[in-house]
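Trainee: I would like to go through this structure and ask what stands behind each label. Please give me the value, then the rule.

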Amino acid sequence: MEYEVVIGLEIHVELATETKIFCDCTTAFGGEVNTHCCPICTGMPGTLPVMNEKVVEYAIRAGIALNCEIAHFSKMDRKNYFYPDLPKAYQVSQFDLPLCKNGYVDIEVDGKIKRIGITRIHMEEDAGKLIHDQWGTGSLIDYNRCGVPLIEIVSEPDIRSAEEAKAYVEKVRSIIQYIGASDCKMQEGSLRADVNLSVRPIGQEKFGTRTEMKNLNSFKSILRAAEHEQRRQISEIEHGNIIVQETRRWDDTKGKSYSMRSKEEAHDYRYFPEPDLVPIELTDEQISKIRKELPELPEDRVNKYINDYQLPEYDAKLLTVSKNISDFFEQAVTSGANPKKASNYIMGDLMKLMNQYDDEAIPFDGDKLAKLISLVEAGTISQNIASKVLSMMYETRKDPAAIVKEENLAVVNDESALSEMIENIIAQHTKSVNDYLGGNTKAIGFLIGQVMQKSKGKGNPQMISRLLEEKLNKLK
Amino acid sequence: MKITKHTVDYVANLARLNFNDEEALKLSAQMEDILAYMDKLNSLNTENVIPMEHVKPVSNIFRKDMVSPSFDREQILRNAPVKEDGAFKVPKIVE
């Protein structure tokens with residue numbers, strides 16, 4: 001039987017505020033255990049939370065950028081459950097009156113545009129982190145992350161493949177980065193996705209029973225987890241088994257998911273309005289002010305790159321997928337780089353390096369790429385050497401001119417040095433020389449290559465070919 | 001609304017409370033009374049009453065996004081029954 005997969009995603013994004021959602025503690029990542037804490041974020045009795053105005057602003061920006069309606073009246077609620085990463089035994093979240101709802105985002109998979117509905121975006125607080133102690137005698141808790149503001153973006157079950165799921169997360173991440181609401185660093189957990197997935201025979205209208213995989217924090221794991229879960233559910237059904245509605249943990253190293261029976265029992269969160277926080281009321285003027293001040297979105301940049309920089313659409317789209325890369329490109333262009341040349345280096349060498357090092361950003365500024373391009377344009381280094389310099393820049397973050405100097409990579413324009421190399425090559429490769437002299441002019445390509453290699457790629461190619469021709473013609 | 005022992009057990013479990021049969025019986029009667037009292041509200045005509053979303057008649061109380069120093073870790077951990085390596089320690093959480 002043929003099956004269709006149905007996926008809905010919940011994306012949690014940590015907002016780029018300086019302070020936590022309800023207190024003045026810093027949101028900085030990676031501090032010493034329990035040093036970004038106060039009585040409010042550790043849930044001490046008698047403390048009172050106060051909403052950070054930036055949280056509301058960022059959440060509204062996200063709502064506008066994801067084409068949502070922004071609520072004129074919204075409130076916070078308590079979601080009750082016991083888990084030690086949540087010291088109050090409830091999470092302050094939003095239940096029936098979220099800040100944003102009924103949005104959408106357009107994704108592109110295999111050249112086709114598809115619209116994915118966004119059910120809602122609500123604000124909530126993040127939980128602390130559990131550290132399992134080395135003796136296995138208990139669990140340790142670090143509350144530094146507790147109270148860091150989050151938005152949860154809930155999609156409609158409109159996604160029909162693992163690739164679409166990945167494309168959706170990529171698109172949402174890119175938009176959130178562009179509007180400055182979050183850095184969305186997946187390695188640091190500032191963007192995590194929960195994948196709700198079910199399968200059904202093609203043609204069946206009713207959804208199958210779904211499972212949920214929580215806290216996936218890389219594109220690779222989202223893709224693999226969704227593919228694996230789809231296969232697992234189809235195989236269960238084909239073997240006559242029933243899919244149990246449950247939370248499953250994805251183990252990325254093993255490439256398998258596991259049932260988490262411990263979390264099954266209490267899905268009764270007994271939400272009620274948070275009495276310690278007052279409602280949020282917004283006027284049309286306030287919302288349209290934020291709309292007007294919204295930073296440039298990826299689509300705006302795509303148009304700019306095509307119209308103002310004359311880049312092909314392919315380049316424009318690829319460069320704008322990540323805000324980091326797009327900002328880098330703009331820095332390079334502002335510093336005088338030719339847009340198409342900058343684009344070629346970014347899409348080629350730099351994206352390869354980013355993949356190799358699993359980086360989310362290029363570790364130096366765009367003006368350095370502009371400097372490298374001008375070294376090539378001035379003939380100081382060759383095209384081939386430029387790639388080498390670029391990977392050294394990536395590793396050392398040094399200035400291209402400094403690398404060229406230190407590593408002695410500048411083009412050799414020294415006629416006598418090149419002449420000597422050419423004479424050696426001519427002496428060593430008599431066959432090719434005779435081929436050339438016998439009328440096979442193509443043989444010179446091989447000889448040029450040999451000289452180039454001898455000069456470690458640094459010889460001035462025009463000079464080599466001129467000198468080589470002169471010397472060969474003398475042998476005629 | 002009839003509150004059974006099953007309902008009491010369910011709610012008690014969510015709140016991590018333990019009751020013996022006698023207590024559960026007593027509580028089911030009390031819960032029934034409370035809900036019966038709430039039912040009285042349904043007898044009122046609320047046609048022209050705007051639903052109350054929140055108990056406080058104020059809105060939009062915000063803070064500026066400005067960092068203040070956090071507490072010393074020693075102070076935060078002072079009331080913790082068990083601590084280890086600068087962290088609160090709780091019984092092992094099994095997943």
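Mentor: Start with Cys184(A). Leaving aside residues up to four places away in sequence, Cys184(A) touches Val13(A), Arg173(A), Ile176(A), Gln177(A), Ser190(A), Leu191(A) and Glu360(A). Keep in mind that this is a predicted model.

Trainee: What makes Cys184(A) count as buried or exposed?

Mentor: Its relative accessibility is 0%. Buried means under 20%. Cys184(A) therefore counts as buried.

Trainee: Where is the place of Cys184(A) in chain A?

Mentor: In the loop between α2 (162-178) and β12 (191-201) of chain A. One more value for Cys184(A): its C-alpha atom is separated by 35 Å from that of Gln383(A), and the two residues are 199 apart along the chain.

Trainee: How do you know whether Lys456(A) is buried or exposed?

Mentor: By the cut-off of over 50% for exposed. Lys456(A) has 66% relative accessibility, so Lys456(A) counts as exposed. Lys456(A) lies in the loop between α14 and α15 of chain A. Lys456(A) is not a glycine, yet its phi is positive, at about 55°.

Trainee: On to helix pairs. What is used to describe two packed helices?

Mentor: The angle between their axes and the distance between the axes. Take helix α7 (residues 323-334) of chain A and helix α8 (residues 339-357) of chain A: their axes come within 10 Å and cross at roughly 140°.

Trainee: Which residues make the contact of α7(A) with α8(A)?

Mentor: From α7(A), Ile325(A), Phe328(A), Phe329(A), Ala332(A) and Val333(A). From α8(A), Pro339(A), Ala342(A), Ser343(A), Ile346(A), Leu350(A), Met351(A) and Met354(A). By class, the contact of α7(A) with α8(A) has 11 nonpolar, 1 polar and no charged residues.

Trainee: What makes α14(A) and α15(A) oblique to each other?

Mentor: Helix α14 (residues 443-454) and helix α15 (residues 461-475) of chain A pack at about 125°, with their axes 10 Å apart. The perpendicular range stops at 115, and antiparallel starts over 145. Therefore α14(A) and α15(A) are oblique to each other. α14(A) passes α15(A) in a right-handed crossing.

Trainee: Which residues in α14(A) and α15(A) meet?

Mentor: Ile444(A), Leu447(A), Ile448(A), Val451(A) and Met452(A) in α14(A) meet Pro461(A), Ile464(A), Ser465(A), Leu468(A), Glu469(A) and Leu472(A) in α15(A). The classes in this contact of α14(A) with α15(A) are 9 nonpolar, 1 polar and 1 charged.

Trainee: And why is α12(A) oblique to α14(A)?

Mentor: Helix α12 (residues 415-428) of chain A and α14(A) pack at about 130°, their axes 10 Å apart. That angle makes α12(A) oblique to α14(A). The crossing of α12(A) and α14(A) is right-handed. Met421(A), Ile422(A) and Ile425(A) of α12(A) make the contact with Leu447(A), Gln450(A), Val451(A) and Lys454(A) of α14(A). Those residues divide into 5 nonpolar, 1 polar and 1 charged.

Trainee: Turn to chain B. How does its radius of gyration stand against a compact globule of 95 residues?

Mentor: Such a globule would be near 12 Å, but chain B has 23 Å. The C-alpha atoms of chain B fill a box of roughly 55 × 45 × 25 Å along the principal axes. Buried residues make up 18% of the 95 residues. Chain B has 3 helices and 3 strands, in the pattern α-α-β-α-β-β along the sequence.

Trainee: What makes Ser28(B) count as buried or exposed?

Mentor: Ser28(B) has 9% relative accessibility. The cut-off for buried is under 20%. Ser28(B) therefore counts as buried. Ser28(B) is in helix α2 (residues 21-39) of chain B. Not counting residues up to four places away in sequence, Ser28(B) touches Ile3(B), Thr4(B) and Val8(B).

Note on methods. Residues are numbered from 1 along each chain as its sequence is written. Chains are lettered from A and ligands numbered from 1 in the order in which they are written. This is a predicted model: local features need pLDDT of at least 70, side-chain atom pairs count only at pLDDT 80 or more; totals for chains, interfaces and linings use all residues. Side-chain values use heavy atoms; hydrogens and water are left out. Axes are lines fitted to C-alpha atoms, for helices over the stretch in contact, and angles run from 0 to 180 degrees between N-to-C directions. Helices (H or I, at least four residues) and strands (E, at least two) are DSSP runs, numbered from the N terminus. Contact means heavy atoms within 4.5 Å. Ala, Val, Leu, Ile, Met, Phe, Trp, Tyr, Cys and Pro count as nonpolar, Asp, Glu, Lys and Arg as charged, and the others, Gly among them, as polar. Angles under 35 degrees count as roughly parallel, over 145 as roughly antiparallel, 65 to 115 as roughly perpendicular and the rest as oblique. A crossing is left-handed if the near helix is turned anticlockwise from the far one by less than a right angle, and right-handed if clockwise. The radius of gyration is taken over C-alpha atoms; the globule rule is 2.2 Å times the number of residues to the power 0.38. Buried means under 20% relative accessible area, exposed over 50%, partly exposed in between (1.4 Å probe, protein chains only).
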